[in-house]
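Please have a look at it, and then read on.

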Amino acid sequence: MEDYQLPVICLLTLLSVCSAQYDVQVLGQSEPILGIVGDDVILPFSLRTTIGTVSAVGESVEWQRPDLKPKEVHFYRSQEDYNEDQNNNFKGRTSLFKEEMKNGNISLKLSGVKLSDAGNYTCFVPTLRGSFQKDSVQLIVGAASKPRVTIVGVDPMGVILECEAGGLIYKPETTWLDSDGNILPGGSTETGTDSDGRHSVRGHVTIQKTDNNMFTCRVQQQQINHKMETEINVTDRMFPEPCQSWLSGFLIGGLIGGLIGGLVLLIVVVVVLCILKSKGLLHWGRGVLNRNPQQNGNPLL
Ligand SMILES: *[C@@H]1O[C@H](CO)[C@@H](O)[C@H](O)[C@H]1NC(C)=O
Ligand SMILES: *[C@@H]1O[C@H](CO)[C@@H](O)[C@H](O)[C@H]1NC(C)=O
Ligand SMILES: *[C@@H]1O[C@H](CO)[C@@H](O)[C@H](O)[C@H]1NC(C)=O
């Protein structure tokens with residue numbers, strides 16, 4: 001081995017270690033992305049080295065669904081979208097964050113998510129080296145309908161509302177709000193799971209009259225920070241009248257009071273009569289009527 005070879009090898013090794021840090025790569029996200037049918041979703045990708053982002057403005061970038069035919073989801077080149085070969089399923093539903101591409105943001109926005117959008121999306125930059133050229137992101141799609149809110153009853157405390165939602169991927173919670181966004185206390189929630197493993201939820205609350213009688217049911221999937229809301233307007237006349245409830249309370253109270261009062265009176269009368277009789281101060285029936293003539297008659301006659 002010549003004397004100069006070792007330092008050169010060392011230098012080359014150092015260079016390649018250093019330059020690896022500056023290799024530009026496409027980076028997705030390892031956790032799946034959750035989309036909800038009808039909503040928009042962002043498939044996150046960036047162009048970067050290990051130490052920072054790199055502008056994607058001058059690059060060609062291709063987003064694909066390798067399992068579809070054609071597999072093209074979106075194509076960007078020469079600073080423009082170029083979607084002649086795009087799969088029909090994605091027509092008019094894909095867009096980029098053009099202003100952010102200079103910061104390496106090559107995320108794809110997919111609008112109006114459908115169930116059929118579920119799958120793996122690959123982002124590909126052909127000018128990059130080997131394994132750095134592409135990465136993929138998995139999209140999971142959940143069907144969740146807006147909560148349904150109905151009036152299910154009236155009791156002396158107010159109007160009872162019910163809120164139902166189904167098809168949820170994560171365990172949901174319900175919250176009731178008034179029109180000022182205050183959380184209403186005393187709501188109850190039951191959750192269940194359907195045959196597909198989707199969660200459903202049913203909540204109840206008893207509400208009292210407010211200024212505008214507008215109430216909102218919020219169904220939230222905490223894990224993915226997703227919420228849906230449905231509003232209901234309850235008409236004034238649904239609420240039990242304060243006077244009516246007072247009156248019915250009075251009537252029911254009166255009835256029960258009357259019954260108890262009558263019973264107590266009866267008992268008192270019976271007890272008093274018994275005491276009087278036991279002391280010999282009272283003779284039943286004829287005895288009372290016969291006493292006077294006897295007492296008055298004899299001594300004087
Ligand atoms: C790209 O920009 C959009 C819009 O500002 C943002 O929501 C998204 O998180 C960004 N993605 C990345 C990977 O930076
Ligand atoms: C998508 O990728 C994930 C993880 O990489 C894999 O488990 C799954 O089977 C893939 N799905 C499809 C539809 O290719
Ligand atoms: C309830 O009433 C408010 C205002 O009166 C109105 O803006 C809103 O659309 C109504 N909501 C429903 C669900 O009827």
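A nitrogen atom of ligand 1 sits 3.0 Å from an N or O atom in the side chain of S107, a polar contact in the sense of N or O atoms paired within 3.5 Å. This is a predicted model, where local features need pLDDT of at least 70, side-chain atom pairs count only at pLDDT 80 or more, and totals for chains, interfaces and linings use all residues. Residues are numbered from 1 along each chain as written, chains are lettered from A and ligands numbered from 1 in written order, and side-chain values use heavy atoms, without hydrogens and water.

| Side chain | Ligand 1 atom | Distance |
|---|---|---|
| E100 | oxygen | 2.7 Å |
| N105 | oxygen | 2.3 Å |

The protein buries 55% of the 360 Å² that ligand 1 exposes when taken alone (Shrake-Rupley method, 1.4 Å probe). Around ligand 1 are I42, F45, F97, E100, N105 and S107, each with a heavy atom within 4 Å.

Now to the rings. The structure holds 2 aromatic pairs, meaning ring centres within 6.5 Å, with planes under 30 degrees apart called stacked, over 60 edge-to-face and the rest tilted. F75 and Y82 are edge-to-face, at 5.9 Å centre to centre and 80° between the planes. F90 and Y121 form an edge-to-face pair as well, because their centres are 6.1 Å apart and their planes at 80°.

Notes: Rings of Phe, Tyr and Trp (its six-membered ring) pair if their centres lie within 6.5 Å; planes under 30 degrees apart count as stacked, over 60 as edge-to-face and the rest as tilted. A polar contact is a pair of N or O atoms within 3.5 Å; within protein, one must be able to donate a hydrogen and the other to accept it, and residues adjacent in sequence count only if both atoms are side-chain atoms.
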